[in-house]
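Please look over the structure shown here with this short briefing beside it.

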Amino acid sequence: MALNFSASVDDVFVNLSLQTVVDLPTSGETVLHFCEAVRKKFPLMTSFYRREEMPEGESGPAKGAGFVLEGDRDQGTYQWLEISGNQMTAGWFNPDDLETVFQMHSWLLDRSTYFLGVTGIDIESVEILIGFNLEYRGNRDQVVAAALLDGSPLGALLQESLGPTIECEPNIVMALDEDCCMQGRLYLATRNNSYQVRTGRYSPDPISVYYAVRNFPRMGQVMDVARDFPRQCRTCEDMVRRVVVPGVVRPIATAIAAQ
């Protein structure tokens, strides 16, 4: 199904995250075989490189080196895959439609069994995420607060402020089934800080809106990705179309246009 979000946002991206209990194999031969299979299936993914280990403290805990296969970022739309530690992540930046992206992610999950040895018993979680970037060079937190909180009980709190809003990044997690094994999460990133607000020197970073559906193994059951992942994708798309875009993304876009 076509995205039809271009009037509201600057970028759309759809990401996959597979978290495992045991670290994924990172031997050159295994990773190369997998990436070569991916490249044959998705021929625009031609750039293969190793991301070096990130030192502890540079951006949170230390992260192991990862292998990345991706397309040409300069094209404005590209696919990417990364294998690092106990996770396989992948995404499609500015795709034409969601169904093609979901098919790509399903293909990667299926092939991770054959090439990386991932089985249901080893899966810690599987997540599908749809995200949006909205560009604004100014107080992005103020825009989010005006778009989402004006007229609400929380908005009354902001009226007591003696200055501008410094941080407004809602983060909501909700259960999507009775046993809380499938969870939906809405969260925003504004990338402001008090220095930018105080000086008026704002970075060109966008406001990002994310909605993710994460699935965990059920008690006493082995994760069945082939059965559960299509439902995750449908649930994520449905929530984004019915709730996130009209209730979060478009109000922010309208608030930006009003500045």
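Tyr-49 stands opposite Val-68 in strand β3, and strand β2 (residues 47-51) pairs with β3 in the antiparallel sense over five bridges; strands are DSSP runs of E with at least two residues, numbered from the N terminus, and two of them pair if DSSP finds at least two bridges between them. This is a predicted model, in which local features need pLDDT of at least 70 and side-chain atom pairs count only at pLDDT 80 or more, while totals for chains, interfaces and linings use all residues. Residues are numbered from 1 along each chain as its sequence is written, and side-chain values use heavy atoms, with hydrogens and water left out.

**Strand β3**
- β3 also pairs with strand β4 (residues 78-84) in the antiparallel sense over five bridges, and Glu-70 stands opposite Trp-80 in β4.
- Five of the five residues of β3 (residues 66-70) are buried, so the strand is largely enclosed by the rest of the structure; buried means under 20% relative accessible area (1.4 Å probe, protein chains only).
- Gly-66, Val-68 and Glu-70 are buried on one side of β3, and Phe-67 and Leu-69 on the other.

**Aromatic rings**
- A search of the whole structure finds seven aromatic pairs, where rings of Phe, Tyr and Trp (its six-membered ring) pair if their centres lie within 6.5 Å, and planes under 30 degrees apart count as stacked.
- Phe-13 and Phe-93 form a stacked pair, 6.2 Å centre to centre with 15° between the planes, which links strand β1 (residues 11-20) to strand β5 (residues 87-93), 80 residues apart.
- Ring pairs link Phe-13, Tyr-78, Phe-93, Tyr-187 and Tyr-210 into a cluster.

Notes:
Rings of Phe, Tyr and Trp (its six-membered ring) pair if their centres lie within 6.5 Å; planes under 30 degrees apart count as stacked, over 60 as edge-to-face and the rest as tilted. Helices (H or I, at least four residues) and strands (E, at least two) are DSSP runs, numbered from the N terminus. Buried means under 20% relative accessible area, exposed over 50%, partly exposed in between (1.4 Å probe, protein chains only).
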